[in-house]
Amino acid sequence: MPLVGPVLGIETSCDETAAAVVLSDGRVLSDVVHSQIALHAPYGGVIPELASRDHLRNLPLVVAKALERAELTIDAVDAVAVTHRPGLVGALLVGVQLAKGLAWASGKPLVGVDHLIGHLFAIHLQRGPDPGERPEIPFVALLVSGGHTAIYRVDGPLPSQIHELGGTRDDAAGEAFDKVAKLLGLGYPGGPAVDRLASAGDASRHPFTLPMARSRNFEFSFSGIKTQVAQHVAEHGAPAEPQALADLCASFQSAVTSVLARKLVAAAEQEGVRDVVLGGGVAANRELRARVSQLSQARGLRAHLPELASCTDNAAMIAYAGALAHGAGARDGWDLLATSVTSLARVTRKGRGSR
Ligand code: KG4
Ligand code: ZN
């Protein structure tokens, strides 16, 4: 891969307005994330129109800050990378339009990045002096976020080199965390709150079951467990007593993370690869991280867990995926489109799960 220097990354696919400057070897020079959580929290989820408007207000400042922290001007970067899929189209458009303007005005190449590829390669980001251990290609990765949950075999950074081995038939894992948290009155986004409460809970209190958990493929279904929690709340009310709340969170989290970890490791064994990788917001979950580490070690696999700042949405992963794509010759024109769908081929069709 020919070396490229610093790449500016821009990310506006959902509720994070982000910009970052990253070197082609993964070293992060700056990483600015402006979260819209407070804006959407009163509604219990992301309101697309509010997201677009807030990106529009903040993105120019966030980009300026990212360049300033990297001590660079736009003239010093080698390319402008931007998330153009998948996501909320109005939100994506804000990033894509600003990236086009910056690239055009500075004469730099424009590189459109698939957000999911950003998550899959976020493990390569180096935020401190230690380069850390990198997974060897090919690796098997579990991408678990608020919008996506799937296991991939990764042979390289291009969409044609990434193969889904199986994914969710209905809700994403993060969506399940968020919906359960909402049912329990824990606010939005719910993942971190459930993670915190679950650590003091007894997971054996509620024997929740997941459809597809025992299937020998790599598909998931998370909407059923949300219904089980909803039924529990309908019958008994949301637990008022702290220990009961912790037990409910622990039981839910244990059911979800155990199936994710088991299928990830089984996929690596099927593919005959030694390196397993986590990516996406739910990869920040402590129980999932512990289960993947333990199970990998027990099976002689190497687990690679991104730092927390590299799990949830950020632009450093977009800059890095852009640098990889640019190094492989990718360059987009001024007709680059924002689109809600990923470029990665799906094997699991959504909408086949039990509701
Ligand atoms: O990757 P991400 O920032 O955005 C998407 O691309 O969707 O993921 C956000 C999701 C949310 O559903 C959030 O609740 C979940 O990641 N999340 C967690 C944790 N931190 C964030 N879920 C479980 N445990 C966590 N510690
Ligand atoms: Zn994401």
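Which pocket does the space taken by ligand 1 form? In this predicted model, the space taken by ligand 1 is the largest pocket. For such pockets, a 1 Å grid is laid over the protein atoms alone; a pocket is an open set of points with protein on both sides within 12 Å along at least five of seven lines, whereas a cavity is a set of points where a 1.4 Å probe fits but cannot get out, and lining residues have an atom within 4 Å of a point. A molecule sits in a cavity or pocket if more than half of its atoms lie within 2 Å of its grid points.

Residues are numbered from 1 along each chain as its sequence is written, while chains are lettered from A and ligands numbered from 1 in the order in which they are written. Because the model is predicted, local features need pLDDT of at least 70, side-chain atom pairs count only at pLDDT 80 or more, and totals for chains, interfaces and linings use all residues, with side-chain values using heavy atoms and leaving out hydrogens and water.

An N or O atom in the side chain of D178 is 2.7 Å from one oxygen atom, a polar side-chain atom of H119 lies 3.2 Å from an oxygen atom, and a backbone N or O atom of G147 lies 3.3 Å from an oxygen atom. The protein covers 88% of the 560 Å² of accessible area that ligand 1 has on its own, by the Shrake-Rupley method with a 1.4 Å probe; for residues, only the protein chains shown count as cover.

S145 is placed in the loop between β6 (139–144) and β7 (149–154) and is buried, with a relative accessible area of 9%. Here buried means under 20% relative accessible area, exposed over 50%, and partly exposed in between (1.4 Å probe, protein chains only).

Elsewhere, E269 is found in helix α8 (residues 242–271) and counts as partly exposed at 40% relative accessibility. Its side chain makes a polar contact with the side chain of R299 (3.0 Å); a polar contact is a pair of N or O atoms within 3.5 Å, and within protein one must be able to donate a hydrogen and the other to accept it, with residues adjacent in sequence counting only if both atoms are side-chain atoms.

Cis peptide bonds join I137 and P138, with omega about 5°, and Y188 and P189, with omega about -10°.

Key: Helix = DSSP H or I, 4+ residues; strand = E, 2+ residues; numbered from the N terminus.
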